[in-house]
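Subject: Model handover: helix packing, pockets and cavities

Hello,

Here is the structure I promised to pass on. My notes follow it.

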Amino acid sequence: MSHQSAVAAAAPASSIGSPWLWVISIAVLLALLAADFLVTRRPHEVSLREAAGWSVFYLTLPLVFALWLWTAFGGAQALEFATGFVVEKSLSVDNLFVFMLLLAAFAVPAEVQQRVLLYGIVGALVLRGIFIAAGAALLQAGTWAFLVFGLILFASAVKILHEAVSGPEPDRDVSRMRSVRLLRRLMPVTDDYRGTRMVVRERGRRALTPLTLVVVAVFATDVVFAVDSVPAVYGITEDPYLVFATNAFALLGLRALYFVLHTALAKLTHLNHGLAVILAFIGIKLVLHWAHEVWPAVPTIPTPVSLLVIVVILATVTVTSLRSGKRAAERSPS
């Protein structure tokens, strides 16, 4: 490889994110989060109609954004965003599985659940913002970052597939997570929930409510998902702004989507199998991209092909999950 080509390979990818676009996007994101906090300020059990309305709203936003990208910057950026959004939304649904387990393990009252989910979303956005910045710095350091991202995704795919095949750990007590146990040692914890309050004064001293323990457990799982999701979307686009946008749009609607999909989530028994295949596929795409920069004869996987493969995988695991559930229902004596 010549010196010029090496310099070109190590150069950072151009980004559509101008300073003003970043400022406006972050301002809109904060405004939407503030609106969500206002909605959850009064604890109440979320109805299906309310959750469906918010879900439609948060699914419409990325469609409008993709159309704006198409008119303002062209079809390539819009397609990269759409593909990245599909990947991130799929991984965020896996997030909901873990949230569902945590809410059940800590017996979170129905009227407080959406506040817990909102805290989880905010934590995920902050963590992914940090990982996005770190990923952009790695890409600027050299194309070897694509190889690192690819290996991370391979490892994540193996881990997810192993858990999917072996099944969930029986009687797993998530309240015994290290972060939760540390909090219990530092401060007393009340026996019951106190609405959306996380800290109360009891017998003259401050005490945590169980809500704090749930939020800490959710934050701990957010770290794991950030490690998977950010390299995955960097496998679709090298533009840090588009990586940020896909993560933001995928996470914003999780609170409402949880209540819409609560019963359906348990039926998607093969989702993790599909996510493992998707992460492995994107890992291959990243490794090929790195190899192409070193040896130009090595082929790469175009974004339209990536989108098609991801959609086919998700459709396949959805169909197989529903068929598996139907066969299990037919075999059941009841």
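The lining of the second largest pocket divides into eight nonpolar, eight polar and four charged residues. The classes are simple: Ala, Val, Leu, Ile, Met, Phe, Trp, Tyr, Cys and Pro count as nonpolar, Asp, Glu, Lys and Arg as charged, and the others, Gly among them, as polar. This is a predicted model, where local features need pLDDT of at least 70, side-chain atom pairs count only at pLDDT 80 or more, and totals for chains, interfaces and linings use all residues. Residues are numbered from 1 along each chain as its sequence is written, and side-chain values use heavy atoms, with hydrogens and water left out.

The second largest pocket has a volume of about 360 Å³. Of the 20 residues that line it, Glu80, Ile236, Thr237, Glu238 and His289 are the closest to its centre. Helix 4 and helix 11 are the elements that give two or more residues to this lining. Helix 11 supplies the largest share, three residues. Pockets and cavities are found on a 1 Å grid over the protein atoms alone: a cavity is a set of points where a 1.4 Å probe fits but cannot get out, a pocket is an open set with protein on both sides within 12 Å along at least five of seven lines, and lining residues have an atom within 4 Å of a point. Points are joined across faces, edges and corners, and a volume is the space filled by probe spheres set on the points.

Next, the cavities. There are two of 30 Å³ or more.

- The largest cavity has a volume of about 40 Å³. Its lining is Ser55, Tyr58, Leu59, Lys89, Gly253 and Leu257. Helix 3 (residues 48-72) gives the largest share, three residues.
- The second largest cavity has a volume of about 30 Å³. Leu125, Arg128, Gly129, Ile132, Phe244, Asn247 and Ala248 line it. Helix 5 (113-141) and helix 9 (240-252) each give two or more residues. Helix 5 gives the most, with four.

Now the packing of helix 4 (residues 75-105). Helices (H or I, at least four residues) are DSSP runs, numbered from the N terminus. Axes are lines fitted to C-alpha atoms over the stretch in contact, and angles run from 0 to 180 degrees between N-to-C directions.

Helix 4 packs on helix 11 (residues 271-294) at about 140°, with the axes 11 Å apart. That makes helix 4 oblique to helix 11 (under 35 degrees is roughly parallel, over 145 roughly antiparallel, 65 to 115 roughly perpendicular, the rest oblique). The crossing is left-handed (the near helix is turned anticlockwise from the far one by less than a right angle; clockwise is right-handed). The contact (heavy atoms within 4.5 Å) involves Val87, Ser90, Leu91, Val93, Asp94 and Phe97 of helix 4 and Leu271, Asn272, Leu275, Leu279 and Ile282 of helix 11. By class, that is eight nonpolar, two polar and one charged residues.

Helix 4 also packs on helix 8 (residues 210-234), at about 160° and with the axes 10 Å apart. That makes helix 4 roughly antiparallel to helix 8. This crossing is right-handed. Among the residues that meet are Gly84, Glu88 and Leu102 in helix 4 and Ala217, Thr221 and Phe225 in helix 8. The contact has 12 nonpolar, four polar and three charged residues.

Best wishes
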